[in-house]
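We will go from the whole chain down to single side chains.

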Amino acid sequence: DTNMAVGDTQVVQWVNVSFTVCDKSTTTCGPAILGDAIWASLGGVCAANNNGDPIAQWDVAAHRWILAQNVFVSPYKVCLAISTTSDANGSYYLYQFPVVANGFPDYPKWGVWTNNYGQTWNNFGPGGSGFQGPVFCAYNRTKLLAGDNTAEQICHQYGISPNYNDSL
């Protein structure tokens with residue numbers, strides 16, 4: 001579970017349960033930081049779980065970092081951190097969102113658009129009971145960037161394609 005994003009002056013690399021921030025001009029990297037540490041002030045399941053499948057993204061237009069990690073124990077959640085500046089070592093706005101039908105949110109991927117952020121993941125059902133199909137969630141980018149806790153998450157659960165083959 002490796003992930004890396006490149007910003008204006010820094011690189012964030014997140015591997016499994018920890019990440020590091022590297023300076024592009026000095027080519028030095030800081031110490032490893034546990035992934036769940038970023039959500040310590042938020043508390044709850046995001047601060048208490050460090051499950052892997054991390055995502056680091058750079059919002060080119062806003063010059064902000066997006067760090068995300070889903071919680072893989074019930075109650076499943078989406079943990080999202082949006083930097084308040086272009087400094088990955090600085091402060092973050094912290095969010096915790098529910099998942100569709102309390103389904104195990106595996107293999108998350110994120111995208112950055114001009115008016116929203118999007119996440120896809122595979123829903124493996126409550127308790128990992130079996131593949132339910134892919135999920136797409138859109139997040140209100142403007143509110144997230146402003147630290148507005150009323151930021152919306154809108155999700156859609158897709159069904160399993162008739163062409164889906166478990167043997168793949």
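This is a predicted model: local features need pLDDT of at least 70, side-chain atom pairs count only at pLDDT 80 or more; totals for chains, interfaces and linings use all residues.

Numbering runs from 1 along each chain as its sequence is written, and side-chain values use heavy atoms, without hydrogens and water.

**Whole chain.** Show the cartoon. The protein has two helices and 12 strands (DSSP runs numbered from the N terminus: H or I of at least four residues for helices, E of at least two for strands). Along the sequence they run β-β-β-β-α-β-β-β-β-β-β-β-α-β. The C-alpha trace spans about 50 × 30 × 30 Å along its principal axes.

**Surface.** Buried residues make up 43% of the 168 (buried is under 20% relative accessible area, exposed over 50%, partly exposed in between, with a 1.4 Å probe and protein chains only).

**Salt bridges.** How many salt bridges does a search of the whole structure find? It finds two. The term means a side-chain nitrogen of Lys or Arg within 4 Å of a carboxyl oxygen of Asp or Glu.

Select R141 and D59. Their side chains meet in a salt bridge, 2.8 Å from N to O. R141 lies in helix 2 (residues 141-146) and D59 in strand 5 (residues 55-59), so the pair links parts of the chain 82 residues apart. Both R141 and D59 are buried.

Now select E152 and K143. They form a salt bridge, with the closest N and O atoms 2.9 Å apart. E152 is partly exposed, at 35% relative accessibility. K143 is partly exposed too, at 23%.
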